[in-house]
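Here is a short briefing on one protein model and its ligand. Keep the picture in view as you read.

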Amino acid sequence: MRELNEIKHNRDIYHDSMSDSNIALIGFMGTGKSTVSEYLRDMLAMEEADVDSIIVQDQKMEIKDIFAQYGEEYFRKCESNAIISLQNCRRTIISCGGGAVIREENVINLKKSSRIVLLTASPETILERVKYSDERPILNGNMNVEFIKGLIDKRAAYYEKAADIMVETDRKSVQQICEELVMSLLRFNPGR
Ligand code: S3P
């Protein structure tokens, strides 16, 4: 009961302060974007959109098949188009694929109507979360801490430049992550 009241209280404060803004979740594969999106949707009574799912729907193909048949560059074009297609969304949590903010145009388009939240996790945590999945072509054949760490290092500057706020996810429950995220967003955007 206490938890429910707190959630409702947070949601009301959040809506008063954020008006129609979206929340765009960015970060490396396995940082928990989908899990956090689902929890935030219920916590804040917002809509949910997933950039990869839009691509799969548009292309009528799984992400790994798009990579295999048409290559990464084609996938990146689809990703940019999917982000453009979300430009009229409001009060929506937008989960972006782990490579989305490498393209500057995607960051510019996301920033038009979203607060950008970077989720992070250590390479070890990420490996634990993704190791049984073969859905991520970039990690297939590269399922080890060294590769993950190397790619995080290459992408870190893009993630940090795009992000309005950042939340570490190691050893935290989804509830903890979401509460921290909402508090940081409110601090980032004090009562407009
Ligand atoms: C990618 C991340 C994936 C997906 C694609 C490429 C990346 O999304 O967009 O496989 O380049 O990091 P998730 O971060 O949701 O796994």
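This is a predicted model: local features need pLDDT of at least 70, side-chain atom pairs count only at pLDDT 80 or more; totals for chains, interfaces and linings use all residues.

**Ile108 and its helix**

- Ile108 belongs to helix H6, which covers residues 104-111.
- Ala162 is 54 residues away from Ile108 in sequence. In space, the C-alpha atoms of Ile108 and Ala162 are 8.8 Å apart.

**Where the ligand sits**

- The ligand takes up the space of the largest pocket.
- The ligand is surrounded by 13 residues. The closest are Lys33, Arg76, Gly98, Arg136 and Arg155.
- Sorted by class, this shell holds five nonpolar residues, three polar residues and five charged residues.

- The side chain of Arg76 has an N or O atom 2.7 Å from an oxygen atom of the ligand. Arg76 is also among the closest residues to the ligand.
- Gly98 is another of the closest residues.
- Asp52 uses its side chain, where an N or O atom is 2.9 Å from an oxygen atom of the ligand.
- How much of the ligand's accessible area does the protein cover? On its own, the ligand has 390 Å² of accessible area, and the protein covers 92% of that.

**Ala45, a loop residue with positive phi**

- Ala45 is not a glycine, yet its phi is positive, at about 50°.
- Look for Ala45 in the loop that joins helix H2 (33-44) to strand E2 (47-50).
- The relative accessible area of Ala45 is 47%, so Ala45 is partly exposed.

**Arg91, another loop residue with positive phi**

- Arg91 has a positive phi of about 50°, and Arg91 is not a glycine either.
- Where is Arg91 found? Arg91 lies in the loop between helix H5 (72-85) and strand E3 (92-95).
- Arg91 has 30% relative accessibility, so this residue counts as partly exposed.

Conventions:
Residues are numbered from 1 along each chain as its sequence is written. Side-chain values use heavy atoms; hydrogens and water are left out. A residue is near a molecule or strand if one of its heavy atoms lies within 4 Å of it. A polar contact is a pair of N or O atoms within 3.5 Å; within protein, one must be able to donate a hydrogen and the other to accept it, and residues adjacent in sequence count only if both atoms are side-chain atoms. Accessible areas come from the Shrake-Rupley method with a 1.4 Å probe; for residues, only the protein chains shown count as cover. On a 1 Å grid over the protein atoms alone, a cavity is a set of points where a 1.4 Å probe fits but cannot get out, and a pocket is an open set with protein on both sides within 12 Å along at least five of seven lines; lining residues have an atom within 4 Å of a point. A molecule sits in a cavity or pocket if more than half of its atoms lie within 2 Å of its grid points. Ala, Val, Leu, Ile, Met, Phe, Trp, Tyr, Cys and Pro count as nonpolar, Asp, Glu, Lys and Arg as charged, and the others, Gly among them, as polar. Helices (H or I, at least four residues) and strands (E, at least two) are DSSP runs, numbered from the N terminus. Buried means under 20% relative accessible area, exposed over 50%, partly exposed in between (1.4 Å probe, protein chains only).
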